[in-house]
Amino acid sequence: MTLSADRVVRTTAGHLILDGVSLDCAPGATIGLLGPNGAGKSTLLRVLAGLLPASGGVVTLDGEPLTGIPRREVARRVAVVEQQVDTQVDLSVLDVVRLGRVPHRRAWAAPTARDAEAVADALAATRLTDRAGQSWHTLSGGERQRVQLARALAQRPRELLLDEPTNHLDIAHQLDLLALVAALPTTTVIALHDLNLAATYCDHVAVLRQGRVVAAGRPEQVLTEAMVAEVYGVRARITSPDGRPHIRFLGTAR
C-alpha cells in the first residue's frame, strides 16, 4: 500500500480548488498529474504531502489517515520537490542534499554513518558527486533541479512528489531528469504540463480540470484526441508507433 486520496476537497478563501478528487497510487508506479493551469495539480500534491489540510475527504498512507500519522514520520516517508527553490544563504550542493536527512535526525544530533551513506547515494544517483563542494548559486536551473531531487532522495523516501520539475529546463535536462525519476523504485506522483513527456515516462496519468479528475488510467487509455480537445481546447493527432501515445498538436479547437 502507499499514498491514496479518497474524494478529497480543498477550499481556499471560499474558492473550491479540489472537488472530490480520488487517486490511487500503485506501489512503485510513476503517476502523472496533468491538466491546464489552475486545474489543482500543485494543490493536490501539497495535500498528498500533508503540507495543506484537506477540507473534506481523506488522504491515507498505507491505509492510515495522513492526519493521524506524526509529521516527522510522514516526512521520513514522503519527499517533495517543489517547482523552484532558492536561498540567499551560501550553501554548497552537499549542504543542500544533507537537508534531506533532517527528518531522520534528532535535534542537534551529529550526522550518523547512515546519514552520510544516504547523502552519498543520493549524490551518486543524480550524478552530482563531483559537484558536492560547488556553491548552489553557481548552478544552472537543470543542475539545481537535480540537487533538489538529490535532497529528496537523501530522505530515502518511499513516496516522491514532484511539482512541474521540468519547468524552465531545456529538452536535454527534461529527458535526463524524468528518465532518472522514472527509474526510481519509489511511488512517484509528478505534475506535468507536457503530455508527450507524461506519455513517455508515466505508468499512469490522471487529468484534472477545475479541481476534478476527468480521466485516469494508462497513458494510452487517457491521452486521446477527444480528451485533449475537451480539456485543453486543442486539436491533436495521436499515434502510437511504439505503443505509447505520441501527440502532435494541430491548433486550437475553438
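These are my notebook entries on what I looked up in this structure.

**Ground rules.** I am working from a predicted model, in which local features need pLDDT of at least 70 and side-chain atom pairs count only at pLDDT 80 or more, while totals for chains, interfaces and linings use all residues. I number residues from 1 along each chain as its sequence is written, and side-chain values use heavy atoms, with hydrogens and water left out.

**Entry 1, cysteines.** I searched the whole structure for disulfides, meaning a pair of cysteine sulfur atoms within 2.5 Å, and the search finds zero. I then looked up burial, where buried means under 20% relative accessible area, exposed over 50%, and partly exposed in between, with a 1.4 Å probe and protein chains only. Cys 25 counts as buried at 8%, and Cys 202 is buried with a relative accessible area of 1%.

Two strands pair if DSSP finds at least two bridges between them. Four strands form an open sheet in the order β2-β1-β4-β5, with antiparallel pairing. The edge strands are β2 (15–24) and β5 (64–65), each of which pairs on one side only. Helix α1 (residues 41–48) packs on this sheet and touches β1 (3–12), β2 and β4, where contact means heavy atoms within 4.5 Å. The direction of α1 makes about 60 degrees with that of β2; axes are lines fitted to C-alpha atoms, for helices over the stretch in contact, and angles run from 0 to 180 degrees between N-to-C directions. I also noted that two bridges join β4 (residues 56–61) to β5, and that Leu 61 has Glu 64 in β5 as its bridge partner.

Helix α5 (residues 141–154) has 14 residues and reaches 20 Å from its first C-alpha to its last, close to the 20 Å expected at 1.5 Å a residue; the expected span is 1.5 Å times one less than the number of residues. Because 13 of its 14 residues are buried, α5 is largely enclosed by the rest of the structure. Just after α5, Arg 156 takes a positive phi of about 55 degrees. Arg 156 is one of the residues touched by Arg 101, which also touches Asp 115 and Ala 154, among others. Arg 101 lies in the loop between α3 (93–98) and α4 (113–125) and is buried, with a relative accessible area of 3%. A polar contact of 2.8 Å joins the side chains of Arg 101 and Asp 115; such a contact is a pair of N or O atoms within 3.5 Å, and within protein one must be able to donate a hydrogen and the other to accept it, while residues adjacent in sequence count only if both atoms are side-chain atoms.

Is Ala 13 buried or exposed? I found Ala 13 in the loop between β1 and β2, with phi near 50 degrees, and at 74% relative accessibility Ala 13 counts as exposed. Glu 164, in the loop between β7 (159–163) and α6 (171–182), has phi near 45 degrees but counts as buried at 4%.

How values were computed:
Lists of a residue's contacts leave out its neighbours within four places in sequence.
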